[in-house]
Amino acid sequence: MRLGKAIKIIFIVIPLLLVALVVGAIAVLMSTDFNQYKPLIAEKTKEATGRDLVIAGDLELGISLTPSVSVSGVTLSNADWSKQPQMVKVERFEAQMSLIPLAFGIIDVQRIVLVGADILLEVDKNGRANFDFEAPGAKKAPAATTEPPAAEGEGGPRAIPVVREVVIQDSLLTYTDAQAGASHKAKIDELTITGEGPDNPIEMLFEGSYNDAGIKLTASLGAPTQALAPTKPYPVALTLEAGGANISVKGTIAEPMAGKGLNLAVAVKGSQLGDLSSVAGTEVPRMGAYSMSTNVTGDPAKALNLVGFKGELAGSDVAGDVTVNLSGKRPFIDAKLKSELIDVTALGGAAGGGAPDGGGGEKQPAKPGDKMFPDDPLPVEGLRAVDAKLTFDADMIVAAGAKLQDARVGLSLNGGNLTISPLKATVAEGAIDGSINLDGRKQAAGLAVKLLLSKINLDKLLTDMQITEDIEGKGNIDIDIAGSGTSVAKIMAGLNGRAGVLMGEGRMKTSFLQNMLGGTGQVLNQVLDKGKAGYTVVSCAVADFPINKGIATAKALYIDTESRGIIGTGTANLRNETLDFTIDPRNKKKIDKAVLPVHITGTFLAPDYEIDKQAAASKLTGMLGIELPTGLTGARGGSGAPLIEGPCAPPAPAKAAAEPAPKPAETLPSVPALPAEPEKAIEDAVKKGLEGLLGQ
């Protein structure tokens, strides 16, 4: 009985004693001025970081079963090399936690509030970071060679702190890197993170801005314990609104702390791509609505798979599967893509044609010194950053107005060496077949282009490209060039190879021919009869330009019409973009009026025309028929087969005869194929041809 009475007294007295102790402790705490500890806190901060901590406001303690502590007017000094005196400024900080769980070793934080924080993170030109803290006289810790073991207490693994709510308001985070020339600014209007405990899901809401672009983020994540020790895939669901874009990510991550085992559905859409400029920190072209969706799987440290990728932009679309292997020396992209339509012009990747928005206006005349080929350094470093293998099939590709149907493109990129082959398509009722190689393994990039456009409807091609509507007929365009340099201009200055055009029977606008051969001032007048509806019938037109070290020489430059043959000789200097051509119209039959030759000089963008006095003097001595060029070979392709049939087709071998060969008259010998640059030939054909091949 005495024992039972003793136990009863213990159960009554001990709680009373505990209550008395707690009340006494609270009384002591409430009567304590915690501001007396501010110098001690500042001293310990200085020892740990080498920086000065200033607490201007009062330290306040709220006593209850969920005690709280708050402080205001806190600043932390910056590195001594910084121009800004303070690294951190905080208007108010508050934390509240549960007292009873603490007795059992459980840290249960009810709420953390941060208001008016202004944090500056910066790296100077020497690579020093203001967030690298060094205490005075402290020795740097040796680098860890192995991963530290998981922290454990005597009773097993350390308990995970419980943080039920975090609120950050009206705060600013700025990051500047003087070495990279980068600056980023994130403004937090409100960030709220809530969760009932380590075994419960986390909800997040963020509203603010990044580089002055408004951002809103909502996220639902799995429980913290599941992230640290996953027993099943960790769920992720978030939506982001920024720069007019709506981004959603939903799925699971097998190992969230390591970022392994991704299985995420990603979708992006927006009404105007240009609205992303504020987020990107650079000007993004305004191309209208866009969308992208794919399923991302894999391990970022090894390989990522973009399964069922679909994208749309500016009327163009692309779909397929993409694998990005990240385990090698460089990322390797393996993609198989297809498209119904790729509009290169709308995407900003091709010159030519009017401005998409119709606001182009008339072309301004070239000024002295204007150049066609840019001398900006080629960004070949980008070719060395990634390797790739790509196959691409498109129902239609529109480039500079030209429409390529049933296109098939193969691309490989290895160590900076880019090869596009095959390059096949149907264009203007004809076919294009070729390859392009850009070797960026050295700073002076090597370029090799081989293109054959066969049996092309020139009227359709040149009209679609808005070059001219004044040529009708079919022809071949053959380009085989190579060069190297650090810019387009330097590549053209050392170019070697051959380029040209062969046109069969057709017709050209007479006024176009007059302007082409004599300039807009028509130095060369009345060369051709106007014919029906102002057109001149052309039996054939041919140009053959071998190119040696940037000098393109007219091996053959000839237009055959009913009454005259027009022969051109001279050079186009790709080094300084100058012209030196003589255009010599010759009568095919005796006519009572001779037509004087024209000398074309000046630059590609601003040619000059004048009567060739020397050639004119010899021509005026007699009004004879045409004297055809000699030594010209048949117009044949690489296989040796004729490129085209008709008046310019290779003639049959001449038979030996005792009598002299008849004088050349109505029938003209054929000549090799390749482009004669019509008036704008120099400017438009060359510019939209050779320069276009360089992707300019």
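Glu-196 is exposed, with a relative accessible area of 58%. Exposed means over 50% relative accessible area, buried means under 20%, and partly exposed lies in between (1.4 Å probe, protein chains only). This is a predicted model, in which local features need pLDDT of at least 70 and side-chain atom pairs count only at pLDDT 80 or more, while totals for chains, interfaces and linings use all residues. Residues are numbered from 1 along each chain as its sequence is written, and side-chain values use heavy atoms, with hydrogens and water left out.

Glu-196 has a charged partner. Its side chain meets that of Arg-164 in a salt bridge, at 3.9 Å from N to O. The pair links distant parts of the chain, 32 residues apart. Arg-164 sits in the loop between strand S9 (162-163) and strand S10 (165-177). Glu-196 sits in the loop between strand S11 (182-194) and strand S12 (202-210). Strands here are DSSP runs of E with at least two residues, numbered from the N terminus. Arg-164 is partly exposed, at 23% relative accessible area.

A salt bridge is a side-chain nitrogen of Lys or Arg within 4 Å of a carboxyl oxygen of Asp or Glu. The whole structure holds 16 of them. One joins Asp-189 and Lys-187, with the closest N and O atoms 2.6 Å apart. Asp-189 is partly exposed at 34%, and Lys-187 is partly exposed at 36%. Another joins Asp-52 and Lys-46, at 3.0 Å from N to O. Asp-52 is partly exposed, with 42% relative accessibility. Lys-46 is partly exposed too, with 33%.

Now follow the strands. S10 and S11 pair in the antiparallel sense over 12 bridges. Two strands count as paired if DSSP finds at least two bridges between them. Thr-176 stands opposite Ser-183 in S11. The two strands, S10 and S11, form a hairpin with 4 residues between them. In that turn, Gly-181 has a positive phi of about 65°. S11 also pairs with S12, again antiparallel, over 8 bridges. There, Glu-190 stands opposite Glu-207 in S12.

Next comes the backbone. Most residues other than glycine have a negative phi, and most peptide bonds are trans. Asp-212 is not a glycine, yet its phi is positive, about 70°. Asp-212 lies in the loop between S12 and strand S13 (213-221). Its relative accessible area is 72%, so Asp-212 is exposed. Ala-428 also has a positive phi, about 50°, without being a glycine. Its place is the loop between S24 and strand S25 (430-439). Ala-428 is buried, at 7%. A cis peptide bond joins Ser-421 and Pro-422, with omega about 5°. Pro-422 lies in strand S24 (residues 417-427).

Last, the interior. A nonpolar core is a set of buried Ala, Val, Leu, Ile, Met, Phe, Trp, Tyr and Cys residues joined through side-chain atoms within 4.5 Å. The largest such core has 71 residues. Phe-373, Val-427, Leu-453, Leu-461 and Phe-581 touch the most other members. Strand S26 (residues 445-457) gives the most to this core, with 6 residues. What does Val-427 contact, leaving aside neighbours within four places in sequence? The list is Lys-403, Leu-404, Ile-432, Leu-453, Ile-456 and Leu-461. Contact means heavy atoms within 4.5 Å. A second, separate core has 19 residues, including Val-74, Leu-76, Val-88 and Val-166.
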